[in-house]
Amino acid sequence: MSAPAIGTTKTAHSDVAPKKKRGPGALATAYLVIYNVVMTAGWLVIAVGLVRAYLVRGSYHGLYFSIEKPLKFFQTGALLEVIQYISSNVMIMLCSPAPGIVPSSVVLTGFQVLSRVFLTWAVTHSVREVQSEDSVLLFVSAWTITEIIRYSFYTFSLLNHLPYLIKWARYTFFLVLYPMGVTGELLTIYAALPYVQKTGLYSVTLPNKYNFSFDYYTFLILTMVSYIPLFPQLYFHMMRQRKKVLAHVEEYKTE
Amino acid sequence: MSRTTFFEVEVLDGRTRQQLCFLDKVEPHATIGEIKSLFHKSYQQLYPARQDLKLDPKGKSLRDDDVLQNLPVGTTATIYFKDLGPQVGWTMVFLAEYLGPLFIYLLFYFRAPYIYSHQDVFTSSPYSVVTLACACHTCHYIKRLIEAIFVHRFSHGTMPLRTIVRNCVYYWAFSAWLAFYINHPLYTPPSYGDMQVNYALAIFVLCELGNFSIHVALNNLKAEGGPKCRRFPHPTKNPFTWLFFFVSCPNYTYEVGAWASFSVMTQCLPVALFTFLAFIQMTIWAKGKHKTYSREFKDYPHLRMPIIPLLL
């Protein structure tokens, strides 16, 4: 989904209440700063690419093709974030007395990145016919703006020099961008359905040696249905985070 | 001069800090369990199993057998309350979790209407392995039900309702999914034929017997030891318990073995997936248990691994 990654409750909480916590070491911090700068730059490239293509063509149709490669590269690159979270949390998991508990930030981040990667590769890339749909532009632009803000937020946070504007943007823009992105995603999946059904894309039928079947068409429909319970949860979670983060800043301001 | 000082207990809501209940003239040797019963009198809906009482809202929960005067409180104790939500007794939990898969699988085996196509209703598979699989699956869950009713002793009395609903959905949905393929008219029997089926069946039976032996051994441990004398399990005369030499939780080892052999016997990918997920969950539990044992007993054997001998 196109929401700004919720998995950064660590960084979010450091805005709310300065806590003594084990932060990453110097080497890890350097890596993370570089990673986030590169990602910010990458999404800026995509944003610029979209604007230029619009100016050249004079219309906003079919802009996907102009940013297809960087989009795939940088969106897939976000998988590294899941690894980052897992590796920073794996020590906690191994040492905790109840190792069954996974920090929710890992689950949420992982889930969001996976759903984005799914949209990019398993829907948009795989079903050529939807690539010229306007719904693709809708979610790509939502993702682009969100990611530029999000990665610059992380970069500045790591350098302990976070401008209030970035923090405000991160916790405010989602109010519009998230529904916009979700709409684009749903419309794109919906547009892909007839082609998937016709070609039997990614589907396995019986009989076969492993007694297994998979209907991608039904899977896509179930994916669309899953947005109904999941989207409000994530959206309201971000709204609660917003209250916490922005309210505390006001408290500091009045002191 | 009277020596008995009665305690006063005020119960506050853990979140709002509002006073929910004030108990005066509480005996100093009253237990938390008794205080929960007193609290229940004021709030009919909140039976003791639903109450979570703590001295510090962010701290650990108090146990039912904690005695009031042994706690770090003055003569007026402030206790924080949290509602754990509707609770269900363990026996009910297991009945719900196991009866579901038992009957659901049978629905698929007998090809009840609306599952497969119209001409397949109430037909049966020509393959013996399909009937065998049904027998294995059914016996597995009957065994679990028998253990739940007669063998297991539970340390906590209840489980939250939410957790049960989630667990039941998981077990029921998965058993429906794997039953669907095994009993499907287009089912393909194992590639290596009867040899594959028979070897897998043998291992399945051994693992079921093993799992049962371990449950009995653990149960006897609790019976002999009593609540205060804690011991860790040892191998006994029963050869199935000799796995205790190598692992802390051989019941989980046997369980994984049973499902793995069931996967091989049916050569069905969904079963293998179920086995894999069960393995992950049981490994997490086994690691936790192993850690608890290692911490609590200084003489805990070093050779033992949590779930897989010598490896994991």
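**Figure 1. Salt bridges around Arg150(A) in the predicted model.** Glu147(A) is buried, as is Arg150(A), where buried means under 20% relative accessible area, exposed means over 50% and partly exposed lies in between (1.4 Å probe, protein chains only). These two residues form a salt bridge whose closest N and O atoms are 2.9 Å apart, a salt bridge being a side-chain nitrogen of Lys or Arg within 4 Å of a carboxyl oxygen of Asp or Glu. Both Glu147(A) and Arg150(A) lie in helix α6 of chain A, three residues apart, about one turn of the helix; helices (H or I, at least four residues) and strands (E, at least two) are DSSP runs, numbered from the N terminus. Arg150(A) also meets the side chain of Glu81(A) in a salt bridge of 2.9 Å, N to O. Glu81(A) lies in helix α4 (residues 79–95) of chain A and Arg150(A) in helix α6 (residues 134–158) of chain A, so this pair ties together parts that are 69 residues apart in sequence. Glu81(A), Arg116(A), Glu147(A) and Arg150(A) are linked in a network of salt bridges.

This is a predicted model, in which local features need pLDDT of at least 70 and side-chain atom pairs count only at pLDDT 80 or more, while totals for chains, interfaces and linings use all residues. Residues are numbered from 1 along each chain as its sequence is written, chains are lettered from A and ligands numbered from 1 in the order in which they are written, and side-chain values use heavy atoms, with hydrogens and water left out.

**Figure 2. A salt bridge between Glu255(B) and Arg144(B).** The side chains of Glu255(B) and Arg144(B) meet in a salt bridge, at 2.6 Å from N to O. The pair links distant parts of the chain, with Glu255(B) in helix α6 (residues 250–266) of chain B and Arg144(B) in helix α3 (residues 128–151) of chain B, 111 residues apart. Both Glu255(B) and Arg144(B) are buried. Over all chains, the structure holds eleven salt bridges.

**Figure 3. The contact between chain B and chain A.** The contact takes 17 residues from chain B and 14 residues from chain A, where contact means heavy atoms within 4.5 Å. Between them, the two chains bury about 1,200 Å², 61% of it on carbon and sulfur atoms; buried area is the accessible area (1.4 Å probe) that two parts lose on being put together, summed over both. On the chain B side, Tyr181(B), Leu186(B) and Leu269(B) lose the most area to chain A, together 35% of what that side buries. The count of salt bridges between chain B and chain A is zero.

**Figure 4. A nonpolar patch on the surface of chain B.** Tyr170(B), Trp177(B), Leu273(B), Phe276(B), Leu277(B) and Ile280(B) form this patch, with about 510 Å² of accessible area together. The elements that give two or more residues to the patch are α4 (161–182) and α7 (269–296) of chain B, and α7(B) gives the most, with four residues. Phe276(B), found in helix α7 of chain B, is partly exposed at a relative accessible area of 48%. Patches are made of residues with over 30% relative accessible area and no salt bridge, like charges being joined within 9 Å and nonpolar side chains (Val, Leu, Ile, Met, Phe, Trp, Tyr) within 5 Å. Accessible areas come from the Shrake-Rupley method with a 1.4 Å probe, and for residues only the protein chains shown count as cover.

Figure 5. The peptide bond from Leu206(A) to Pro207(A) is cis, with omega near -10°, and Pro207(A) is found in the loop between α8 (174–199) and α9 (216–254) of chain A. Asn211(A), found in the loop between α8 and α9 of chain A, has phi near 50°, a positive value in a residue other than glycine. At 0% relative accessibility, Asn211(A) counts as buried.

**Figure 6. Cys136(B) and Cys139(B).** The sulfur of Cys136(B) is 7.0 Å from the closest cysteine sulfur, in Cys139(B), which is too far for a bond, a disulfide being a pair of cysteine sulfur atoms within 2.5 Å. Cys136(B) counts as buried at 6% relative accessibility, whereas Cys139(B) is partly exposed, with a relative accessible area of 48%. A search of the whole structure finds zero disulfides over all chains.
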